[in-house]
Amino acid sequence: MADNQSLGRRWAAYRASKGVWFWSCAGCVVATMIIGFNWGGWVTGGTASKMAADAASGARAQLAAASCVTRFQNGPDAEAQLAALKKSDSYERGDFIKKNGWATMPGSKDPVTGAAVLCAQQLVTANPPAPKG
């Protein structure tokens, strides 16, 4: 009857070997990493760098698009240009903006990537500017 101890006493008397401790710790580390990378939102350094570069590129395009819209609306013959932009096909609007130089930031030679498309979208969907004067 001495072998028929309660679960609590057997649990208290148990002494794990070094191998059991090692493999338990290793299993916990692996499980933590799997859960963290799959569901916890963890990323590697390379992925974080790519995400930061994408965010910076998107912010640069949005800033250039805002400048583009302002320069477009304040430019000469803005109403006729807007009518021509709206009349063009949607896939040609970015090229229309690039060709006229509105997607190029002052002091730069090349247009900002993605800015022309954003600028065209904002111009086509925006309310017409108030008449000057």
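Residues are numbered from 1 along each chain as its sequence is written, and side-chain values use heavy atoms, with hydrogens and water left out. Because the model is predicted, local features need pLDDT of at least 70 and side-chain atom pairs count only at pLDDT 80 or more, whereas totals for chains, interfaces and linings use all residues.

The confidence of the model is expressed as pLDDT, which is the predictor's confidence in each residue on a scale from 0 to 100. For the protein chain the mean pLDDT is 90, and 93% of the residues reach 70 or more. Confidence is highest in helix α2 (residues 18-38), with a mean of 96, and lowest in helix α1 (residues 7-13), with a mean of 88. Helices here are DSSP runs (H or I, at least four residues), numbered from the N terminus, and strands would be runs of E of at least two residues. Where pLDDT is low, the predicted coordinates should not be read in detail.

Helix α2 contains Ala-26 and Phe-37. Exposure is judged by relative accessible area, with buried meaning under 20%, exposed over 50% and partly exposed in between (1.4 Å probe, protein chains only). On this scale Ala-26 is partly exposed because its relative accessibility is 24%, and Phe-37 is likewise partly exposed, at 40%. Between the C-alpha atoms of Ala-26 and Trp-42, which lie 16 residues apart along the chain, the separation is 19 Å. Both Phe-37 and Trp-42 belong to a nonpolar surface patch that also includes Val-29 and Met-33, and the four residues together have about 390 Å² of accessible area. Such patches are made of residues with over 30% relative accessible area and no salt bridge, in which nonpolar side chains (Val, Leu, Ile, Met, Phe, Trp, Tyr) are joined within 5 Å and like charges within 9 Å. The accessible areas come from the Shrake-Rupley method with a 1.4 Å probe, and for residues only the protein chains shown count as cover.

Helix α3 (residues 45-74) holds Ser-57, and the same helix holds Asp-54 and Lys-50, which are four residues apart, about one turn of the helix. Side chains of opposite charge can pair when their charged atoms come close. A salt bridge is defined as a side-chain nitrogen of Lys or Arg within 4 Å of a carboxyl oxygen of Asp or Glu, and by this rule the count comes to one. Asp-54 and Lys-50 form a salt bridge in which the closest N and O atoms are 3.1 Å apart. Asp-54 is partly exposed, since its relative accessibility is 44%, while Lys-50 is exposed, with a relative accessible area of 53%. Ser-57 is partly exposed, at 29%, and its C-alpha atom is separated by 30 Å from that of Pro-76, 19 residues away along the chain.

Asp-77 lies in the loop between α3 and α4 (78-87), where the residue counts as exposed because its relative accessibility is 53%. Most residues other than glycine have a negative phi. Phi of Asp-77, however, is positive, near 60°.

Arg-93 is found in helix α5 (residues 93-99). Although Arg-93 is buried, this residue has no salt bridge, and the nearest side chain of opposite charge, that of Asp-89, is 7.2 Å away. Contact means heavy atoms within 4.5 Å, and, leaving aside neighbours within four places in sequence, Arg-93 is in contact with Leu-85, Lys-86, Ser-88, Ala-120 and Val-124.

The loop between α5 and α6 (115-125) includes Thr-104, Met-105 and Asp-110. Thr-104 counts as buried because its relative accessibility is 14%, whereas Met-105 is partly exposed, at 26%, and Asp-110 is exposed, at 56%. Not counting residues up to four places away in sequence, Thr-104 touches Arg-71, Lys-109, Asp-110 and Pro-111, and under the same exclusion Met-105 touches Ala-64, Ser-67, Arg-71 and Val-112. Met-105 and Ala-65 are 40 residues apart in sequence, yet 9.4 Å apart in space, C-alpha to C-alpha. The C-alpha atoms of Asp-110 and Lys-98, twelve residues apart along the chain, are separated by 9.0 Å.

Key:
Lys and Arg count as positive and Asp and Glu as negative; His and the chain ends are not counted.
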